[in-house]
Amino acid sequence: MTRGNLHTIRLHGRLRAFGTVFRLACTSPADAVRALVVQIPGFKAALEQGEYHVIRRQPGKARTVYEDGPALTMGLGESCTLHLAPAVAGAKSGGIGKAV
């Protein structure tokens, strides 16, 4: 099993109560969220109380917003920064909060 590249995970909104920046070896956005859930007591409950988007940022490339479903399990490849940010009220699609 491959561990994946080292990625920076930044938490926003209410999730900042658990910390702001984490460096994790992960293979997908879902893998990054699972790693945080396992390591941080209360993190899963906080995710379930809201809706969050996973946004990927990588220098020189357009940002990617991951929605529910298969996109969350797609490989990340090169090291990047993932942002877990609250979904804006009234947005067309839900976030990961209900999918975890």
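**Figure 1. Cysteine sulfurs: the count comes to 0 disulfides, a disulfide being a pair of cysteine sulfur atoms within 2.5 Å.** The model is predicted: local features require a pLDDT of at least 70, side-chain atom pairs count only at pLDDT 80 or more, and totals for chains, interfaces and linings use all residues. Residues are numbered from 1 along each chain as its sequence is written, and side-chain values use heavy atoms, with hydrogens and water left out. The closest cysteine sulfur to that of C26 belongs to C80, and at 7.4 Å the separation is too far for a bond. C80 accordingly takes part in no disulfide, the nearest cysteine sulfur being that of C26. C26 counts as buried because its relative accessibility is 1%; buried means under 20% relative accessible area, exposed over 50%, and partly exposed in between (1.4 Å probe, protein chains only). C80 is likewise buried, with a relative accessible area of 7%.

**Figure 2. Overview of the chain: 2 helices and 5 strands.** Helices (H or I, at least four residues) and strands (E, at least two) are DSSP runs numbered from the N terminus. In sequence order the elements follow the pattern β-β-α-α-β-β-β. Of the 100 residues in the chain, 38% are buried. The chain exposes about 5,800 Å², of which carbon and sulfur atoms supply 54%; these areas come from the Shrake-Rupley method with a 1.4 Å probe, and for residues only the protein chains shown count as cover. Contact denotes heavy atoms within 4.5 Å. Among contacts between residues at least 6 apart in sequence, 60% join residues at least 24 apart. The mean pLDDT of the chain is 83, and 83% of the residues score at least 70; pLDDT is the predictor's confidence in each residue, from 0 to 100. Of the elements, strand 2 has the highest mean pLDDT (95) and strand 4 the lowest (79).

**Figure 3. The aromatic pair F18 and F43, in edge-to-face arrangement.** A pair of aromatic rings is described by the distance of the centres and the angle of the planes. Rings of Phe, Tyr and Trp (its six-membered ring) pair if their centres lie within 6.5 Å; planes under 30 degrees apart count as stacked, over 60 as edge-to-face and the rest as tilted. By this rule the count comes to 1 aromatic pair. The ring centres of F18 and F43 are 5.5 Å apart and their planes lie at 80 degrees, so the pair is edge-to-face. Because F18 lies in the loop between strand 1 (6-11) and strand 2 (21-25) and F43 in helix 2 (residues 43-48), the pair ties together parts that are 25 residues apart in sequence. F18 is partly exposed at 26% relative accessibility, whereas F43 is buried at 0%.

Figure 4. T8 is buried, with a relative accessible area of 11%. The side chains of T8 and R23 make a polar contact at 2.5 Å. A polar contact is a pair of N or O atoms within 3.5 Å; within protein, one must be able to donate a hydrogen and the other to accept it, and residues adjacent in sequence count only if both atoms are side-chain atoms. Beyond its neighbours within four places in sequence, T8 is in contact with V21, F22, R23, C80, T81 and L82.

**Figure 5. S28, in the loop between strand 2 and helix 1.** S28 is buried, with a relative accessible area of 4%. A polar atom of the S28 side chain lies 3.1 Å from the backbone nitrogen of D31. Apart from neighbours within four places in sequence, S28 is in contact with R34, L72, T73, M74 and L76. The C-alpha atoms of S28 and N5, 23 residues apart along the chain, are 9.8 Å from each other.

**Figure 6. Buried residues of helix 1 (residues 29-39).** These residues are P29, A30, A32, V33, A35 and L36. Their cover includes strand 1, strand 2, helix 2, strand 3 (52-57), strand 4 and strand 5.

**Figure 7. Two loop positions, P70 and G19.** P70 belongs to the loop between strand 4 (64-66) and strand 5 (81-86). P70 counts as exposed because its relative accessibility is 67%. The C-alpha atoms of P70 and A30 are separated by 9.5 Å, although 40 residues apart along the chain. G19 is located in the loop between strand 1 and strand 2 and is partly exposed, with a relative accessible area of 22%. G19 and I40 are 21 residues apart in sequence and 9.5 Å apart in space, C-alpha to C-alpha.
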